[in-house]
Amino acid sequence: MAGHRGLVGSAVVRRLEEEGFTDLLLAGREQLDLRDQAAVDYWFRANRPEYVYLVAGTVGGILPNSRRPADFIYDNLMIHATVVQAAHHFGVKKLLYLGSSCIYPREAPQPMTESNLLAGPLEPTNEAYAIAKIAGIKLCAAYKKQYGCNFISGMPTNLYGPNDNFDLETSHVLPALIRKFHEAKLRGEKSVTVWGTGSPKREFMHVEDLADCCLFLMRNYEGDSHVNIGTGEDISIREVAELVRDLVYPEGELVLDSTKPDGMPRKLLDVSLLHELGWQHRIGLREGIASTYEWLQEHYGAVEDGCRGSVAPTPLRRAGDRRRSV
Ligand code: GFB
């Protein structure tokens, strides 16, 4: 498991543990720099993982993506390359790599099918990240073609849930809105700022559904194409802000800040392939936001102190811990 402290990795660990897997190999950032091929090789030689969930990376919302493109492209390119190479070199049985729905062209027809990849220019606010994520897909495909490696790729839509980044500058829209409405309620403030025009549309998936899907693909998919992972439904930013307001602080008022970027106008995934394979999401948006808000209330002290990715719902062991492999 590469990336076990983040939103996705911690959810996959919880899901694996629910399924009874106990020999999980978790590598923390402070012990293993995934951008360093020699260090990654050393770790693979010492630990010999059989199945790899490659869900690590430098991630963030629209602002850090547009302000720190060098970090987003370098870190992610390197992490994908070192882990995929080591997985090949040390004979990993299967690897699941996760990309992002931002790999598709800005003007892609909606909903976006797997075949829309590389069919046009990317959305500028996350081009660097998207290029790295596309490189990850192509890495897995190349190792599969040249060496016969069983490496597959999933492309999740915008995710949210427990253990997310709730920092107001660097987070994605849903954790930011949940925290903003919560803090407005605590402080007795009426207005809550929503970035952009409110008109872009996004598709949101709860991270527990994503984790379930990761195990499903690891067990059931060996195809050549990457697989879109989404709900097949989207909603405007204004509507999602109203939904959060209704659940968290019905007295709150939305104020749009049009100095902030909108990003991609729409990015709805076509999930026909995933449905044909036999998997569908279960958690509705209202229910998912309500449970994420409960999580935030329980962990608000840590979130306020700026902890991120370490406020796991279940305690995670440190690097080098061995639990039964998948
Ligand atoms: O979630 P988000 O940051 O990323 O923003 P993207 C989605 C939309 O919500 C944008 C608006 O139109 C934002 O302007 N928005 C409104 C807000 N209020 C807020 C707020 O308080 N915080 C944030 N963050 N947004 C990311 C990419 O794009 O999506 C990544 O940058 C990645 O590469 C990720 O692909 C899934 O959906 O625009």
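The model is predicted.

**Entry: ligand shell**

I looked up the surroundings of the ligand. I found 22 residues around it, and the closest are Ile62, Lys180, Arg202, Pro261 and Asp262. I then sorted the shell by class. It has 10 nonpolar residues, eight polar ones and four charged ones.

Which elements each supply at least two residues of the shell? I noted helix H3 (62-67), helix H6 (173-187) and strand E6 (191-195). H6 gives the most, with three residues.

**Entry: polar atoms at the ligand**

I checked N and O pairs next, with 3.5 Å as the limit for a polar contact. Lys180, one of the closest residues, places a polar side-chain atom 2.7 Å from an oxygen atom of the ligand. Asn65 also has a polar side-chain atom facing a ligand oxygen, and I read 3.0 Å for that pair. Trp195 takes part through its backbone: a polar backbone atom there is 2.9 Å from a nitrogen atom of the ligand.

How much of the ligand's accessible area does the protein cover? On its own the ligand has 700 Å² of accessible area, and the protein covers 97% of that.

**Entry: cavities**

The structure holds three cavities of 30 Å³ or more.

I listed its lining. From one stretch of numbering come Ile137, Cys140, Ala141 and Lys144; Phe151, Ile152 and Ser153 follow, and Gly223, Asp224, Ser225 and His226 complete the list. Helix H5 (127-147) and strand E4 (151-156) are the elements that give two or more residues to this lining. H5 gives the most, with four. By class I get five nonpolar, four polar and two charged residues.

**Entry: Lys138**

I stayed on H5, where Lys138 lies. Is Lys138 buried, exposed or partly exposed? Its relative accessible area is 43%, so I file Lys138 as partly exposed. I also took a distance to Ser153, a residue of the cavity lining.

I moved to strand E9 (residues 227-229), which holds Asn228. Asn228 has a relative accessible area of 0%, so I call it buried. I looked for a partner of its side chain. A polar atom of that side chain lies 2.9 Å from the backbone oxygen of Met112.

Thr231 sits in the loop between E9 and strand E10 (235-236). Why do I class Thr231 as buried? Buried means under 20% relative accessible area, and Thr231 has 9%. Its side chain has a polar atom 3.1 Å from the backbone nitrogen of Glu233.

**Entry: Pro121**

My last stop was the loop between strand E3 (94-98) and H5, where Pro121 is found. Is Pro121 buried or exposed? I read a relative accessible area of 69%, so Pro121 is exposed. I then looked back to Leu98, 23 residues away along the chain. The C-alpha atoms of Pro121 and Leu98 are separated by 21 Å.

Notes:
Residues numbered from 1 in each chain as written. Predicted model: local features only at pLDDT ≥ 70, side-chain atom pairs only at ≥ 80, totals over all residues. Heavy atoms only, no water. Near = heavy atom within 4 Å. Polar contact = N/O pair within 3.5 Å; in protein donor to acceptor, adjacent residues only side chain to side chain. Areas by Shrake-Rupley, 256 points an atom, 1.4 Å probe, with all protein chains shown as cover. Nonpolar A, V, L, I, M, F, W, Y, C, P; charged D, E, K, R; others polar. 1 Å grid on protein atoms, 1.4 Å probe; cavity = no way out; pocket = protein on both sides within 12 Å on 5 of 7 lines; lining within 4 Å. Points joined across faces, edges and corners; volume = space filled by probe spheres on them. Buried < 20%, exposed > 50% of the residue type's maximum accessible area, 1.4 Å probe, protein only.
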